[in-house]
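Colleague: I would like a close look at one part of this model. Please keep it brisk.

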Amino acid sequence: MKTILVYASTAAALTVLVIAGIMAFSKNTRLKQHLRAWILLLPALTFLGIVLRLTWDFPDKRFLYVLVPAVGLVVLLGFLAIRFCPRCGATLFNQNPFTRMKSCTHCGTQFVKGEAAPEKRIPS
Ligand SMILES: [Zn+2]
C-alpha cells in the first residue's frame, strides 16, 4: 500500500510540475485555460486523498465537514485569481480575486468585460 502511495504521489507531483511549466512558459491561452482546472484540482484532490488515508482509522470523520469546503474555497479562489491575457498569453495572478483585472501587467492591454479592448490607433 505504501509503495502505491509513493508512486501515486510522485506521479501527481510530476504531473503538476509539467502543467505548471506549461502555465509558466506557454503562450497558448486556450491550452492554459483547459489546464487551469487540473493545476487547481489535482493538488486539492491529492491533499484530500492523503488526509483521508492518514485519518482512515479515525472513527470520527466530522472534520471533513470543514476540510472539504475549505479546500473547495481555495480552488474557487484560484479559479477567480488566475487569468490569461488574450493578447500576449501571459498568466496573470490577481491579488484580489473579488475584483476584475483591468489590464495585463506584461503587455498593458486593457480588458473590457474579460476581453482585450481594441487597440487605439493614432490617426495619421
Ligand atoms: Zn498581455
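How do the axes of α2 and helix α3 (residues 64-81) lie: within what distance do they come, and at roughly what angle do they cross?

Modeller: Two ground rules come before the answer. This is a predicted model, so local features need pLDDT of at least 70 and side-chain atom pairs count only at pLDDT 80 or more, while totals for chains, interfaces and linings use all residues. Residues are numbered from 1 along each chain as its sequence is written.

Now the pair itself. The axes of α2 and α3 come within 10 Å, and they cross at roughly 165°. Helix α2 is therefore roughly antiparallel to α3. (Angles under 35 degrees count as roughly parallel, over 145 as roughly antiparallel, 65 to 115 as roughly perpendicular, and the rest as oblique.) Axes here are lines fitted to C-alpha atoms, for helices over the stretch in contact, and the angles run from 0 to 180 degrees between N-to-C directions. The crossing of α2 and α3 is right-handed. Right-handed means that the near helix is turned clockwise from the far one by less than a right angle; left-handed means anticlockwise.

Who makes the contact? From α2 come L40, L41, A44, F47, L48 and V51. From α3 come L67, V68, V71, V74, V75, G78 and F79. Two residues are in contact if their C-beta atoms, placed from the backbone, lie within 7 Å. By class, this contact of α2 with α3 has 12 nonpolar residues, one polar and no charged. (Ala, Val, Leu, Ile, Met, Phe, Trp, Tyr, Cys and Pro count as nonpolar; Asp, Glu, Lys and Arg count as charged; the others, Gly among them, count as polar.)

Helix α2 has another partner. Helix α1 (residues 2-25) packs with α2 (residues 29-54) at an angle of about 155°, and their axes are 10 Å apart. So α1 is roughly antiparallel to α2. This crossing of α1 and α2 is left-handed. On the α1 side, the contact is made by L5, S9, A12, T15, V16, I19, A20, I22 and M23. On the α2 side it is made by L31, K32, L35, W38, I39, L42, P43, T46 and R53. The residues of this contact of α1 with α2 divide into 13 nonpolar, three polar and two charged.

T46 touches S9 and A12, leaving aside residues up to four places away in sequence. It is partly exposed, with 17 other C-beta atoms within 10 Å. (Buried means 20 or more other C-beta atoms within 10 Å of a residue's own, exposed means 12 or fewer, and partly exposed is in between; C-beta atoms are placed from the backbone.) T46 and F58 are 12 residues apart along the chain, with their C-alpha atoms separated by 19 Å.

V18 belongs to α1. V18 is exposed, with 12 other C-beta atoms within 10 Å. The C-alpha atoms of V18 and I39 are separated by 9.7 Å, and the two residues are 21 apart along the chain.

Last, the setting. The chain holds three helices and four strands, in the order α-α-α-β-β-β-β along the sequence. Helices (H or I, at least four residues) and strands (E, at least two) are DSSP runs, numbered from the N terminus. The C-alpha trace spans about 75 × 30 × 15 Å along its principal axes. Of the 124 residues, 4% count as buried. Among contacts between residues at least 6 apart in sequence, 36% join residues at least 24 apart.
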